[in-house]
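Reader: I am new to this structure and would like to go through it slowly, one question at a time. Could you show it to me before we begin?

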Amino acid sequence: MKKSFGVILLLCVSLFGCGSNGSTNQVQPEKQSPVENKVAPVEAEQSGSILYQNTEYGFTFKLPKTWENYSIVADKWEGLAITSSDGEKVVETGPIISIRHPKWTSENPRQDIPIMIFTLKQWDLLQKEKFHIGAAPIGPSELNRNEKYVFSLPARYNFAFPTGYEEVEKIIEGKPLEVGGV
């Protein structure tokens, strides 16, 4: 009798959890952008889309309505020296802004939309193979540019095929990144 009660109790706890305050256990990313005033979600009037607007770098990114309540994760990329005498020396760095799907959790991660940001000079050096990023045999692919920055998608950003990678590929195919002045 005690054994069956223990099994039933264990089953109830695993199904319903230990506590219930109506909140989800979504873990906020460690490097979430602390700069609220530079990120402005805007609803696109005619298309039923949502726009992520970044005034610091001068671009907008169109998202489907299903991405409402997305979050932004800020990180940085590192460019490594090509020459063997410098080894794995970091010679260039820049920001990566990842747009994170609202259903992303640490238990069930989804594909982010990572946007690498290069100055025009950094992009030129990368194209001339003065430094490299990561182990992929190809570099990042350009999404768009303005008078100061090049916005790109990292090579092999979806190499693990996480949940939602097909949706992100479809979003990218629609050329969602538009530039403005900075």
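Author: Helices (H or I, at least four residues) and strands (E, at least two) are DSSP runs, numbered from the N terminus. Residues are numbered from 1 along each chain as its sequence is written, and side-chain values use heavy atoms, with hydrogens and water left out. The model is predicted, so local features need pLDDT of at least 70 and side-chain atom pairs count only at pLDDT 80 or more, while totals for chains, interfaces and linings use all residues.

Reader: What is the mean pLDDT of the protein chain?

Author: The term pLDDT stands for the predictor's confidence in each residue, from 0 to 100. In the protein chain 71% of the residues reach 70 or more, and the mean is 78. Over residues 1–40, however, the pLDDT is below 50, and beyond near neighbours in sequence this stretch has 31 contacts in the model, a contact being heavy atoms within 4.5 Å. The mean pLDDT asked for is 78.

Reader: In what order do the elements of the protein chain run?

Author: The protein chain has 3 helices and 10 strands. Read from the N terminus on, their order is α-β-β-β-β-β-β-α-β-β-β-α-β.

Reader: Is T60 buried or exposed?

Author: Buried means under 20% relative accessible area, exposed means over 50%, and partly exposed lies in between (1.4 Å probe, protein chains only). Leaving aside residues up to four places away in sequence, T60 touches Y52, Q53, P176, L177 and E178. Because its relative accessible area is 19%, T60 counts as buried.

Reader: What percentage of the residues of the protein chain count as buried?

Author: The protein chain has 182 residues, and the share is taken over them. Among contacts between residues at least 6 apart in sequence, 56% join residues at least 24 apart. The share of residues that count as buried is 35%.

Reader: What kind of aromatic pair do Y52 and F59 form?

Author: Rings of Phe, Tyr and Trp (its six-membered ring) pair if their centres lie within 6.5 Å, and planes under 30 degrees apart count as stacked, over 60 as edge-to-face and the rest as tilted. By this rule the count comes to 9 aromatic pairs. In the pair of Y52 and F59 the centres are 5.7 Å apart and the angle between the planes is 65°, and the pair is edge-to-face.

Reader: Which residues do ring pairs link into a cluster with Y52?

Author: Y52 is buried, with a relative accessible area of 0%, and F59 is buried as well, at 2%. Ring pairs link Y52 into a cluster with Y57, F59, Y70, Y149 and F151.

Reader: How many salt bridges does a search of the whole structure find?

Author: Side chains of opposite charge can pair when their charged atoms come close. A salt bridge here is a side-chain nitrogen of Lys or Arg within 4 Å of a carboxyl oxygen of Asp or Glu. Among those found are D124 with K128 at 3.1 Å, N to O, and E142 with R145 at 2.8 Å. The search of the whole structure finds 5.

Reader: How many residues apart in sequence are the parts that R110 and E167 tie together?

Author: The side chains of R110 and E167 meet in a salt bridge, 3.6 Å from N to O. R110 lies in the loop between β5 (90–100) and β6 (113–119), whereas E167 belongs to helix α3 (residues 165–173), so the pair ties together parts whose separation in sequence is 57 residues.

Reader: Is K128 buried or exposed?

Author: In its salt bridge K128 meets D124, and D124 is partly exposed at 36%. K128 has a relative accessible area of 52%, so K128 counts as exposed.

Reader: Where is E129, whose phi is positive?

Author: Most residues other than glycine have a negative phi. The phi of E129 is near 60°, a positive value in a residue other than glycine, and E129 counts as exposed at 61%. Its place is in the loop between α2 (120–127) and β7 (131–132).

Reader: Where is F161?

Author: F161 also has a positive phi, of about 50°, although it is not a glycine. At 53% relative accessibility F161 counts as exposed. F161 has its place in the loop between β9 (149–153) and α3.
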